[in-house]
Amino acid sequence: MSRAGIVSIIANGVKITGTIDADGAELQIDGEIEGNVRGGSLTVGDTGMVKGDVVSESVTVHGRVEGSVRARKVMLARNAHVLGDIVHQSLSVEMGAVFEGQCRYLQDPLSQSGPGAPASPQIVSERPAASNFGGGNSVFGEPSSDDRMVSGVIVTGASS
């Protein structure tokens, strides 16, 4: 049976401790997850909270995430609060969203998060301050020629 169109919901008031592997399925979190979450499409609802790292094809945050986010498409809604780093291919942030961390564009952000690979960026050895991203030790390492790094919040829209 195909999982397309079926959404697994963690309801408001439900607290789960441990890793969730949704194996490519859609996941709606309205409760609280204390652990890493992996899925095909993840939505953290207004009342939802994830305390752990998130790896997914698509992540939409209306609630709170305390940990790193790695996804092709990341959307932070106006009432989102993200405390952690974001690695993305596409990032949109609505006015009013709170994002405390660093973000990095990668053409394929999921390629580094296969089986056995870390779900979050790793701290690299210290480098001279002139080459650091964000003015301190970067959790992202050195950029390659096809990467763009941005510190702070990105607001998407048409440019003139």
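Is T60 buried or exposed? T60 is buried, since its relative accessible area of 18% falls under the 20% cut-off. Keep in mind through all these views that the model is predicted.

View 1. Setting aside residues up to four places away in sequence, T60 touches L42, T43, V44 and M75.

**View 2. The largest nonpolar core, with L76 and I86 picked out.** This core holds 27 residues, and L76 and I86 touch the most other members. Strand β10 gives the largest share, 4 residues. As general background, nonpolar side chains in soluble globular proteins tend to be buried together.

**View 3. Zooming in on L76.** Who does L76 touch, not counting residues up to four places away in sequence? The list runs V61, V82, I86, S92, V93, E94, A97 and F99. I86 turns up here too, and L76 and I86 are the pair that touch the most other members of the core.

**View 4. The open sheet of 6 strands.** Reading across, the order is β2-β5-β7-β9-β11-β13, and the pairing is parallel. At the edges are β2 (15–17) and β13 (98–100), each pairing on one side only. On average, neighbouring strands of this sheet are turned by 5° against each other, direction ignored.

**View 5. Where β9 meets β11.** Strand β9 (residues 64–66) and strand β11 (residues 81–83) run parallel and are joined by 3 bridges. Look for E66, which stands opposite L83 in β11.

**View 6. A80 in the loop between β10 and β11.** A80 has its place in this loop, yet A80 counts as buried, at 2% relative accessibility. Leaving aside neighbours within four places in sequence, A80 is in contact with V61, H62, G63, A97 and V98. D46 is 34 residues apart from A80 along the chain, and their C-alpha atoms are separated by 7.8 Å.

**View 7. D23 and its positive phi.** What is the phi of D23 near? The value is near 45°, a positive one in a residue other than glycine. D23 lies in the loop between β3 (20–21) and β4, and D23 is exposed, with a relative accessible area of 55%.

Methods. Residues are numbered from 1 along each chain as its sequence is written. This is a predicted model: local features need pLDDT of at least 70, side-chain atom pairs count only at pLDDT 80 or more; totals for chains, interfaces and linings use all residues. Side-chain values use heavy atoms; hydrogens and water are left out. A nonpolar core is a set of buried Ala, Val, Leu, Ile, Met, Phe, Trp, Tyr and Cys residues joined through side-chain atoms within 4.5 Å. Buried means under 20% relative accessible area, exposed over 50%, partly exposed in between (1.4 Å probe, protein chains only). Helices (H or I, at least four residues) and strands (E, at least two) are DSSP runs, numbered from the N terminus. Contact means heavy atoms within 4.5 Å. Two strands pair if DSSP finds at least two bridges between them. Axes are lines fitted to C-alpha atoms, for helices over the stretch in contact, and angles run from 0 to 180 degrees between N-to-C directions.
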